[in-house]
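Hi,

Here is the structure I promised to pass on. Have a look at it first, then read my notes below.

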Amino acid sequence: MYDFDVLVLGSGPGGQKAAIAAAKLDRRVALVERRHMIGGVCINTGTIPSKTLREAVLYLTGLSQREMYGQSYRLKDDITVGDLAARTQHVIGREVDVIRSQLVRNRVQLITGTGRFHDPHTIVVAQGEGGDHKVSAEKIIVAAGTRPARPGSVDFDDRTIIDSDGILRLDHVPRSMVVVGAGVIGIEYASMFAALGTKVTVVERRERMLEFCDLEVVEALKYHLRDLQVTFRFNETVASVERHPRGALALLESGKQIAADTVMYSAGRQGMADHLELENAGLTCDDRGRIPVDENFRTAAPHIYAVGDIIGFPALASTSMEQGRLAAHHACGEPAHEVQAIHPIGIYSIPEISFVGRTEDELTADRVPFEVGLARYRELARGQIIGDSYGMLKLLVSPTDRTLLGVHIFGTNATELVHIGQTVMGCGGTVDYLVDAVFNYPTLAESYKVAALDATNKMRSVARLRD
Ligand SMILES: Cc1cc2nc3c(=O)[nH]c(=O)nc-3n(C[C@H](O)[C@H](O)[C@H](O)COP(=O)(O)OP(=O)(O)OC[C@H]3O[C@@H](n4cnc5c(N)ncnc54)[C@H](O)[C@@H]3O)c2cc1C
């Protein structure tokens, strides 16, 4: 009756994993994606290019080696956009190949074009000169993602005044940059350009940044970024930006003026639902282009699912993939678990941050007692070997049942290390597991044992006084 059992709109992490999961369950699956966008925002303009750029910056500037070889150490003196773009384009190309091949191997039919709803079971795919093409499916999974939000008052020109997509099209490394918005994307790019030697000013309307992270970790990051000449302007709002032949002038509501080669807006993201003619399927979205869903990622029409950034928080590639897989399983009547409540957050600033579980502030606000166990990289042999003297790992431990309430890491490999804590937490383990475990030596993972010993020693001191 329908052309396909499952039709997926968008090939980002959510759409990709949904399509593959449905194909593995022997469904006839089609995936609609716009030209040159295989892999979505994740592969083409977001996660992968930004993380590759970061790696290129760290390597070429030699920043992570300077504790060893001196502050003037760098691999290349005059780093160009070409140097950075070469690595990014290489990785994007490889990743697109991997995704294409996975879709082909799993017999997912790729339909190139821009989709929109014709009726609740039919998508019209606009294929440019190829005209419009209708495809129907029993189940539809919308994974159309987001685009950078552009405040109407700002005159973006993709050269001087840009959004995060524009970073990848810069033709030179700017000497100065204003980053508007100290969210994750703003701070990641602020770190990279500061490492390249750009004079960065971050303007943030709120009084602090990354407020969902551990305060001590954020303070450490601010210290490091200031060391790279970053200026922070908190409690400040950019009223307007003037474009001039030799740069831009950001005018703050407080009356300050900041001159810069480039102004980058990182003002959140807008869901792509506004282009989907949702009304033809009896659906609506909010003013930020997001589609509401239930716990199984079903929209108001039970045969239409939505996953990934288009449903809003947490809007990560990592969570979008899992949502896609779970939605496909639900759509195909396959038993599926819920998304695990404990998921890690990674921020690829320089240095990087990662955490899982709750923060000290959250626990204190909820009057949940906790003990802190701390390990500093400079006290680990591996920290000395790699020249990371600033990194740290903090465990928040319940003195009541000795479970881990949170793990917060700052420094080299934070985004990898966090998974050890996540696993212990997910399996209901206690701090005693980490005390008793033997870790490879010398490693950064050893920081778990050091922090666990620190926490248990403190808990023992309290217990002794009570005895
Ligand atoms: C600069 C940046 C850095 C990031 N870093 C990280 C990170 O380090 N870690 C992390 O986990 N997440 C990161 N993210 C977030 C991550 O990229 C997103 O969460 C993820 O890409 C969302 O996946 P998605 O499946 O919702 O779809 P997206 O990746 O947004 O892709 C959606 C796809 O749908 C297609 N589409 C839209 N409308 C239509 C239509 N009408 N017809 C056909 N196709 C359509 C688009 O072309 C696009 O390819 C970052 C994002 C940005 C912008």
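**Around the ligand**

A polar side-chain atom of lysine 51 sits 2.9 Å from an oxygen atom of the ligand, which makes a polar contact (a pair of N or O atoms within 3.5 Å). Before going on, some housekeeping: this is a predicted model, where local features need pLDDT of at least 70 and side-chain atom pairs count only at pLDDT 80 or more, while totals for chains, interfaces and linings use all residues. Residues are numbered from 1 along each chain as its sequence is written, and side-chain values use heavy atoms, with hydrogens and water left out.

Threonine 47 has a polar side-chain atom 2.8 Å from a ligand oxygen, and for glutamate 33 an N or O atom of the side chain is 2.6 Å from one. On its own the ligand has 1000 Å² of accessible area, and the protein covers 95% of that (areas by the Shrake-Rupley method with a 1.4 Å probe).

Who else is there? There are 37 residues around the ligand, and Gly14, Glu33, Arg34, Gly115 and Asp309 come nearest (near means a heavy atom within 4 Å). This shell splits into 16 nonpolar, 16 polar and 5 charged residues, with Gly counted as polar and Asp, Glu, Lys and Arg as charged. Among the elements that supply at least two shell residues each are helix H1 (13–24), helix H3 (47–61) and helix H7 (184–196). Helices (at least four residues) and strands (at least two) are DSSP runs, numbered from the N terminus.

**The parallel sheet**

Five strands make an open sheet in the order E8-E15-E9-E10-E11, paired in parallel; strands pair if DSSP finds at least two bridges between them. Strand E8 (161–163) and strand E11 (231–234) are at the edges with a single partner strand each, so one side of each has no neighbour in the sheet. On average, neighbouring strands here are turned by 20° against each other, direction ignored. Strand E10 (199–204) joins E11 through 4 bridges, and glutamate 204 has phenylalanine 234 as its bridge partner in E11.

**The antiparallel sheet**

Another open sheet of 5 strands runs E18-E19-E22-E21-E20, with antiparallel pairing. Its edge strands are E18 (345–347) and E20 (371–376).

Enjoy exploring!

Note on methods
A polar contact is a pair of N or O atoms within 3.5 Å; within protein, one must be able to donate a hydrogen and the other to accept it, and residues adjacent in sequence count only if both atoms are side-chain atoms. Axes are lines fitted to C-alpha atoms, for helices over the stretch in contact, and angles run from 0 to 180 degrees between N-to-C directions.
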